[in-house]
Amino acid sequence: MDKAEIAEVLEEIGTLLELTGENPFKVRAYHNGARALTALEDDLGARIKADTLGEVPGLGEALVEKITTLYNTGKLPYYDKLKASVEPGLVEMLGVPGLGPKKIMALHKELGVDSLAKLAEACAAGKVAGLPGFGEKTQENILTGIKNREAYGRRHLWWDAWQAAAPIVEGLKKIKGVERVSHAGSLRRGLETIGDLDFLVAAEDPDPAMKWFTTQPGVAEVTGRGGTKASVRLKDGMQADLRVVPLKQFYFALHHFTGSKDHNVKMRSRALARDLSLSEWGLTKKDDPTAGGPGAKSVITARSEDDIFEKLGLHPIPPELREGLDEIERAEKGPLPRLIEEGDLRGAFHNHTNASDGHATLEEMAAAADELGWEYLGIADHSKSSFQAHGLSEERLLAQVEKIRALNASKKFRVHLFAGTECDILKDGQLDYEDSVLAQLDYVVASVHNRYGQGEDEAAMTKRMVRVLEHPHVTMLGHATGRLLLQREGYAVNIAKIIAAAAANGKMIELNAQPQRLDLDWRYWRQAADKGVMCVINPDAHDTAGLRYVRLGVLIARKGGLAKEQVFNTRPLAAVTKALKKIAAK
DNA sequence: GCCGTTTTCGGCCCGACTGTTTTCAGTCG
C-alpha cells in the first residue's frame, strides 16, 4: 500500500473509532497521523527501512506499527475487525448536520437505525423525538438535514464560491460604521473546493451589517441570527455565515475564522506553552478570567494577523499555508519564502481559440491579453486526435503559426504571441504530430485526453507520461492527473515519478488554473519545486474571460508554497523567449 | 494514541450555539 492509501485507512479508523465512542483524543491522534503521513515528503519505504518513521511528529509507536504493517502487507487486522464492528450506514449519518457520534449511537442502540433511509423513516414515524436527549426540534432538523444533504450538501468550486462571495464583501464594505471586512474560512485559504462562506466585519454597532447580510437579494433563507452572528442559505444553495466583532478583536477573529481548524489547534497549544490563551477574542494570560469574552484583556493589540504570529514567536504565515501541516514549525525556524503574487504574472501558455474548441478568435484573445497588461500570450489549440474538440490538422496548425507570426510582425497588439499546441499524448507515449511539425512551434504543452483503458493501470499511465517528458520537443506537461473536481478523480499516476522525470529532462509542469482542474494539485508543488521543476500557471482559457482564471492559479500556487522565481510565466518576455528556444534546441 | 524547558502520567484548543434541559451535553467550526 502506498502513502496515500495508508493515510486513508488511518483517516477511516479515526472516523470508525469516533462512532464507537472512543476517547476523542485517540480519534484525533488517528486523523493527525493521517495528515502527518500525507504531508511526509520522504519516501515511506525508506523511512520504514531506516526505522525513522517514529521521528515524524504525530506518529508514535502504535501508529508506526500499523503503518508498517499496511505498507508491507496491504492489510491490517485491527482495521478489518473495527470496520466489521460498525454498520456502514452509521458513517453516512455523520454527514447529517447536528448528528455526531453520541446521537448516532443512541439512535442505533434504541431504534436499531443503521442507514439514512431508516433514520428518515424513524423521524417520520415520530420515534426519534421520544428518545432522551432528543426532542421534536431535533427530529425535524434531522429530517431537513437529510433532505438538504442531497440538494445543498455539496461542496463548491473555489471560483463559484468567490463569485458568490465577492459581491457580499463589497456590499458589507458600503455599510455605514463598518471598519473592516474580510472573507475567511477555506475561501480565504484558497482550498480548491469550499463548504460554506465565512465573512467577518469589524463594527461597533453590529446591527446594520447583520441586517444587510440577512436581507440582501441573494438570500433564500435565514437559518440563524443572534446578536453578532448570522447564517443564511443563498439562492444557489451555498451556506454563508457572518460574524461582527469590535475593531480591537478583528484580527484575532480573522485568524480564528480563517482556520484551518488544525492550524488553530496548533496555534493554541503553542500559546498555552507560553502561559497564554488564544481565542477569537484575543491573546490573554492563561488564567485570565476575562478570557473568552468581550472583556478579554489581550496581552497585545493586534493591528494585523502578523502581530499574533509575532507574539507567539513565529514569522508571518499567509492564510493559504494555514492547513496545520508543517507551517508553524517552518515559521518558527525562519521567515517563510515570499509567495508569488497576482501582479507577478506576465503571460500564460495554455489557451485555446475558436480554431479548436475555444469561443474567441485569435485576435480577441490577443486583445484580452492586452487588456490584462500581459507581455505574452501562448496559443495552444488541441491537436488532431482530439477530434471532438476540433483538433487542428498539421495544415491548420501551420496556418495558425503563420497567422501568429504575421500578427506579431504587424504590431497590432502590444502582447507578443507564442505559437504552440496542446498536443495529445497518445497511447504509447508518442505525440500527436510529427517532430518536423513540432519543430516549427515555439513550445508544446503535452496532455493526456484519452485513457485508452489505462484508467486503472497506474504503471502504464506513468510510463506513458514519463516517456513524453523525455521527448525533446515537449516544453511542459498539461493537467497532470486529468481530474475534474467534484466530478471525476484523476487517472492513477505516480506523481513522484512524473516530477522526477520532469526534473531529469528539464521540463515544466503546468498548474492548470481552470476552476475544475487546479491540476497539478497544490499538495505536490513543494516537492516539485524542491526538485527544481519549474511551474507554469496556465488558465486553459477557452474564451477571453477564461484568461482571468490565472488569479486562482496564483492562489493555488501560493497554497503550494511557490515563490515568484519558481513560476515560469513571471519572467519577462526576453527571458521566456530565450528559455523556450533553449528547451526546443535540446 | 501522542507527548514532555514544570510532566513517562495526565493532560490533550476554545468558544458559540442548539435543544434539551433546570445546569448541561452534544455538535460545530
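Author: Just after helix 23, glycine 561 adopts a positive phi of about 85 degrees. The model is predicted: local features need pLDDT of at least 70, side-chain atom pairs count only at pLDDT 80 or more, and totals for chains, interfaces and linings use all residues. Residues are numbered from 1 along each chain as its sequence is written, while chains are lettered from A and ligands numbered from 1 in the order in which they are written.

Helices (H or I, at least four residues) and strands (E, at least two) are DSSP runs, numbered from the N terminus. Helix 23 covers residues 550-559, and nine of its 10 residues are buried, so this helix is largely enclosed by the rest of the structure. A residue is termed buried if 20 or more other C-beta atoms, placed from the backbone, lie within 10 Å of its own. Among the buried residues of helix 23 are Val550, Leu552, Ile556 and Arg558. The buried residues pack against helix 10 (158-173), strand 10 (347-348), strand 15 (508-512), helix 22 (525-530) and strand 16 (535-538); contact here requires C-beta atoms, placed from the backbone, within 7 Å.

The domain assignment, which is automatic or taken from a database, lists domain 3 (156-245) and domain 5 (342-585) in chain A.

Elsewhere, strand 8 (276-279) and strand 9 (residues 282-285) pair in the antiparallel sense over four bridges, where pairing requires at least two DSSP bridges. These strands form a hairpin with two residues between them, and leucine 278 stands opposite leucine 283 in strand 9.

Conventions: A residue is buried if 20 or more other C-beta atoms lie within 10 Å of its own, exposed if 12 or fewer, and partly exposed in between; C-beta atoms are placed from the backbone. Two residues are in contact if their C-beta atoms, placed from the backbone, lie within 7 Å.
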